[in-house]
Amino acid sequence: MDIRNPSFFEAPDFWKSTWDDVNAYIDTIKKGQVWEIGRSQGGHPLRAVAYGEKEPIDRKTTYSSAIASGHPEDFYDPEQRKKPTLVIFSAIHAAEIEGTVTCLNFAHLMETGTDLRGRRWDELRELAEQLRVVMVPLAQPDGRIRSGVHNLIGGSVDDLYYYGQGVFKNGEILRWPECKRLQPVPVDEMKYLGGYYNDAGVNIQHDDFFSPDMAPETRALIDLVRDETPDCFITLHSCGSGPFLIAPENLISQQCQFHQAQVGALIADRHRRDGLRPGGGTRTEPRGGFYFHTALYHTSGALPLIFEYPHGLDMKPFSFDEILDVGLGLFEEVIRYGVTCRYWPR
């Protein structure tokens with residue numbers, strides 16, 4: 001791996017995103033519950049952190065069967081749960097680490113009352129105490145270890161593709177969306193395999209979800225959602241033009257599409273009020289395609305959300321502090337929505 005810019009490997013103390021930093025911080029957690037949910041293709045542990053008591057759901061059938069019967073309560077009975085459950089996944093594409101930073105700052109808030117900068121977010125903490133929040137701060141360890149950048153602030157799109165998608169042996173950078181034409185990416189043809197992929201070259205966002213050869217990371221994350229039966233889950237990504245929530249999605253119910261649009265508008269309004277320059281435009285037509293979060297939805301019936309952070313590239317600059325504020329503001333609005341309407345996805 002070439003070091004295209006030394007500043008990509010530097011960050012403030014509150015910006016914990018590397019494999020070592022994430023695990024070292026998780027090891028200090030006392031109030032939250034920490035457990036291993038599986039192992040990556042490369043044998044690295046996937047760790048979850050939760051705040052709030054787990055309230056199991058006694059299911060009689062699968063989600064699809066319950067919907068077909070007209071009795072969704074046979075899969076999920078809200079009377080069995082006092083608090084909604086939110087599951088958060090970060091760094092599925094492991095050069096997109098802004099969500100990881102937010103997860104650890106949120107954990108520090110729940111542990112101590114402040115984020116890692118020492119700033120209070122009292123309303124966020126009070127809202128979060130009314131939910132069960134489960135986080136996987138680093139959902140794809142192989143790519144995070146391989147793509148060791150701490151940030152991409154001030155970088156170019158080429159820098160993003162280099163560390164995200166990688167470089168062929170002939171020196172050609174693998175770019176987006178061409179990278180999605182290869183699944184898995186041929187590892188033996190790569191000079192440097194970017195953080196998008198696990199050690200077998202699989203992009204979890206587009207795994208073969210019905211195959212016995214599904215990536216172990218994908219299986220572990222789907223199993224977590226099946227076990228938790230959350231009311232909502234969110235997968236955290238990053239790009240050059242964020243922040244924005246991608247919505248709506250056409251392979252989920254119209255009710256969920258409505259909630260996606262509402263949550264997206266609330267998040268954009270929050271970021272606008274905070275001076276954090278929301279991007280992405282306004283989508284009116286549902287987005288097609290079957291993705292990781294689509295598979296999670298059809299496993300659990302939970303409200304699926306997918307959010308794009310800003311990297312802070314030269315095309316749209318953001319500072320370390322602004323990106324963290326984007327993330328904690330996002331968490332506050334998503335959690336507030338769960339407190340006020342329990343997401344009502346089913």
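Is Cys 179 buried or exposed? Some notes on that and a few other spots.

1. Ground rules: this is a predicted model, where local features need pLDDT of at least 70, side-chain atom pairs count only at pLDDT 80 or more, and totals for chains, interfaces and linings use all residues. Numbering runs from 1 along each chain as its sequence is written, and side-chain values use heavy atoms, with hydrogens and water left out.

2. Cysteines. Cys 179 counts as buried, at 3% relative accessibility (buried is under 20% relative accessible area, exposed over 50%, partly exposed in between; 1.4 Å probe, protein chains only). With a disulfide taken as a pair of cysteine sulfur atoms within 2.5 Å, the count is zero. For Cys 179, the nearest cysteine sulfur belongs to Cys 239, 13 Å away. Cys 256 is in no disulfide either, with the sulfur of Cys 232 nearest at 8.9 Å; Cys 256 is buried too, at 0%.

3. Strand E9 (residues 303-310) has eight of its eight residues buried, so the rest of the structure largely encloses it. (Strands are DSSP runs of E, at least two residues, and helices are runs of H or I, at least four, numbered from the N terminus.) Leu 303, Leu 305, Phe 307 and Tyr 309 point one way, while Pro 304, Ile 306, Glu 308 and Pro 310 point the other.

4. Neighbours of E9. Pairing takes at least two DSSP bridges between strands. E7 (residues 232-239) pairs with E9 in the parallel sense over eight bridges, with Ile 234 opposite Leu 305. E8 (residues 244-246) pairs with E9 antiparallel over three bridges, and Ile 246 stands opposite Ile 306.
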